[in-house]
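Let's explore a protein together, one question at a time. Have a look at the structure below, and then follow along.

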Amino acid sequence: MTTPTRQSRLTDISPSRKEIALEIPEEEFGREYEKVLGEYVAKAKLDGFRKGHAPRERVRSLFDHEITHDVYDSLIPRVLEEELRALGLNPVGVPVLKDLKHEPGQPIGCTAAIEVLPEFELPDYRTIRVPKRPTELAKEDVDRAMEELRARAAEYVPVEGRGVADGDYAVVEMQGRDKRTKRQLPVEKAVVLAGHADNEPALNEKLAGMTAGEERAFEVSYPKDHRNRRVAGKDIAYSLKVREIKERKLPALDDEFAKSLGVPDGLLALVAKVRQELQEGRERAARNETASDVLKAVAEKVSLELPESVVEEESLAVLRRLLQAYGNRPVPAEGLEALKAEARRQAVEHLRNHLILEKIARKEGLGVGEEEVQAEIRNLAKVNNISEAALSDMMRRDEHRREELVESLLFRKTVDFLVRTAIIS
């Protein structure tokens, strides 16, 4: 008499979704059942019997339902994993079991829905044509950068003989009072940039022209959705007192200024250094934009359906990063929906690019050598101001981080390859 064998049937729902129907022989279920029953007997504590010595039939009659479901929980996933391996399928996410059917004496029948990374054909990426990104630097760009250096080196000196003007820093004391409840808010001591667009308009209006020691009052009616919940929807009357006024003094663009920034050869050398840094930055930006253009052009020629579970997981990770910009501030409902849409867009783009670059790297035989890994570790250690030995040791102990580093280097190398082979005009 021959032993019945397992049966499975694979159905393609879509390039990324499959269903596999399983039929597990009753004999296989029986062997697993006896094994699990033995485990129950070993642990069972029944009246009149020492632990592990209760009759098997007694344990079977008491725990048949639990044993059967334990068998399902152990046998079906194991059989499914073996069948998927035989079919060469590597699911992403957790398979979803459905339509479980099992009558006494009959095989177990069930269906597993799985998602996989889809197969796809690469286009002729060596003939991709993208526009040339400009890298020319104008004199105005250098002038603007020099003014930014001056602004960062500005000093703020006490003001005498005049009131607050736009651009001044005013050291103030403010106290608010809820006009409805008469409740006083805590006194706030702050440094206010006079005239700044983020200030309350009423504050800018009252602050203009005030002298040190002067006091004024103003009122603000806050909307209900104001980001500061303490005052949202309230009418607040403020008392304002100026303690000190400081104005911004910009340094002269001269040799002394250059030397203060670590350029001993003077102003002309500083301008040359700034120009070079700007040019290098412009060229890096142009290269990154070109790489983005090439990847976008390749992706547009690829028919690729991404597994929804993978997209959802990546979207959540992107959304968390986008929400970090809000800090503790509440996000309005319409703003949250817009962020979710943007997170999904970025997730899809990232996953598509990931799969495309991975496939191109395999096709072109691109790889990352140990010397390249060590060079990157040296660079990362320098940038993060930690010792190379400490970072190398961390990478050895955390294999996942090392794999991420190697993958990042491989994708960077693949992008470089695509940029080199693209037709840029």
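Q: Is P201 buried or exposed?
A: P201 has a relative accessibility of 60%. Exposed means over 50% relative accessible area, buried means under 20%, and partly exposed lies in between (1.4 Å probe, protein chains only). Because of its 60%, P201 counts as exposed.

Q: Where do these values come from?
A: This is a predicted model, in which local features need pLDDT of at least 70, side-chain atom pairs count only at pLDDT 80 or more, and totals for chains, interfaces and linings use all residues. Residues are numbered from 1 along each chain as its sequence is written, and side-chain values use heavy atoms, leaving out hydrogens and water.

Q: Which helix holds P201?
A: Helices here are DSSP runs (H or I, at least four residues), and strands are too (E, at least two), numbered from the N terminus. The one with P201 covers residues 201–207. That is helix α4.

Q: What separates the C-alpha atoms of P201 and H226?
A: Along the chain, P201 and H226 are 25 residues apart. Their C-alpha atoms are separated by 15 Å.

Q: Is D70 buried, partly exposed or exposed?
A: D70 is found in helix α2. Its relative accessible area is 32%, so D70 is partly exposed.

Q: Which residues does D178 touch, not counting those up to four places away in sequence?
A: D178 sits in strand β7, residues 169–178. Contact means heavy atoms within 4.5 Å. With sequence neighbours up to four places away not counted, D178 touches R183, K234, D235 and I236.
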